[in-house]
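Here is a short briefing on strand pairing and core packing. Please keep the sequence and model in view while reading.

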Amino acid sequence: MRRIAVVVLVLAGVVWPAASGVATNPATTQAAAAGSLQADFNNDGFADLAVTVPYEDVGAIPDAGAVHVLYGAPTGLGAAGGQLLTQDSPGVPGVAEVGDVFGSALATGDFDDDGFADLAVGVDGESLGGGATTAGAVNVLYGTAGGLTGVGSQVFTQDSPGVGDSAEGFDGFGEALATGDFDDDGFDDLAVGVNREDLGSLSEAGAVNVLPGTSGGLTGIGSLLLTQDSPGVGSIAEVLDVFGYALATGDFNRDGFADLAVGAAFEDVGAVQAAGAVNVLPGAPGGLTGIGSQLLTQNSPGVPGSAELDDVFGYALATGDFDNNGFTDLAVGVPGENLGAVEAGAANVLLAAGGGLTGAGGQLLSQDSPGVPGVAEEDFFAEGLTAADFDDDGFDDLAVGVPGEDVGAVMEAGAANVVYGAAGGLTATGSQLFTQDTPGMPDTAEGDDLFALGLAASGPQRATAPPASPPSRSSPRPAPADR
């Protein structure tokens, strides 16, 4: 697959509903790997917007990273009263340092159940003592009537009390985040991807730390460390699986507990290298568990397509109720899918019913699907995904990043396809293609813009756009400071 040396963050042209982004049930938790994220941080009834700039220089410190927060009002979002948050902001634990990339991922949830949305910020370039270069960290800022504040904020690493494992160099703790009430106790919990975690001699096998919410906020006490070797997970940890590369939450079986989908984009399927897989871990009274989990690949019964070399199924994930049956469905990015053209890309859509996610009735969407605008080329369709009800008809819709799309003669300018939900699932009827040359867009398509590499929208969704192109078997993903 194409290698991208620098993160490109794009806020897609979506319409933001005025409703609060605070999650009230497991199917409506909010998270984003890059770009922007909406929630009501001051609980005034108007949605606010957090926008990450992970390669922002803080003073003379390159790539320290920052997050802008815009607050909602009756007239909409505005800069008045907005915030610029860094690790040098008052009360925020840590210090802005070279290559920290504060804002490498964002997630919101009400971790202390006080009615104010809180913000988790990935800092996957954070270096810790003892030689743990770019081990990674997560800062957590709490909402108040005055908005987000550093007062009482937290920082978590794998060296924090109770957090499973220990911080090591290049772990990537905080490179992916997702929130959900996995134990249905009224407090949102935080799942943290550690996709470059070594497990014994298995380099970059990957892991996920889960931090429970409490009345005092997130805590490492009682946290979980989940890997593909955890009981019941249904697969085996291997070198460069990068379990935790993408995360998404939803109540797939509608039992009241949030479930977690975990992308292992470089999972081998049999002898097929880097075909990719998704582990789905159910929520339960004790939190996430491997018991009853699912392992999904393109070789799973009913899932359209087949597991092939370098497909990287699970590279991006998004959740939404595309058929409006009350169950959360899962869209899986397969940007390495070959469709005549090499690495044209596709998205598998798995619909949920009473027993959870199933391949039955599943869909494989690409720019060669009837009615979907565009033509399948080396475009990396579905390298980014997000879902929301863009037309407010009760069916969630899917926005698909196509960052490798050529616009006319402009190479890799990028595009976004939008496919709409319907009674039978997603349909190409009325689907759209947006580029920076689309009338009304405030810019023009230029070479290597990679428009729509990152996508985020409000609603029941998990927006993902991994912080960098995936590693290859011969070329591991570079550390954040080297991107």
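**Strand pairing around β4**

Ala-50 has Val-69 in β4 as its bridge partner. The model is predicted: local features need pLDDT of at least 70, side-chain atom pairs count only at pLDDT 80 or more, and totals for chains, interfaces and linings use all residues. Residues are numbered from 1 along each chain as its sequence is written, and side-chain values use heavy atoms, with hydrogens and water left out.

- Strands are DSSP runs (E, at least two residues), numbered from the N terminus. Two of them pair if DSSP finds at least two bridges between them.
- β3 (residues 48-53) pairs with β4 (residues 66-71) in the antiparallel sense, over five bridges.
- β4 also runs antiparallel to β5 (residues 78-85), joined by four bridges.
- Val-69 stands opposite Gln-83 in β5.
- Six residues separate β4 and β5 in a hairpin, and Gly-76 in the turn has a positive phi of about 105 degrees.

**Nonpolar core**

- A nonpolar core is a set of buried Ala, Val, Leu, Ile, Met, Phe, Trp, Tyr and Cys residues joined through side-chain atoms within 4.5 Å. Buried means under 20% relative accessible area (1.4 Å probe, protein chains only).
- The largest such core has 18 residues; Val-69 and Leu-119 are among those with the most contacts inside it.
- β2 (36-39), β4, β6 (102-109), β7 (118-123) and β8 (137-142) each give two or more residues to this core.
- Leu-119 touches residues including Phe-41, Ala-50, Val-67 and Leu-148. Contact means heavy atoms within 4.5 Å.

**A four-strand sheet**

- The open sheet has the order β14-β15-β16-β17, with antiparallel pairing.
- β14 (243-250) and β17 (294-296) are its edge strands.
- Three bridges join β16 (residues 277-281) to β17; Asn-279 has Leu-295 as its partner in β17.

Key
Buried means under 20% relative accessible area, exposed over 50%, partly exposed in between (1.4 Å probe, protein chains only). Lists of a residue's contacts leave out its neighbours within four places in sequence.
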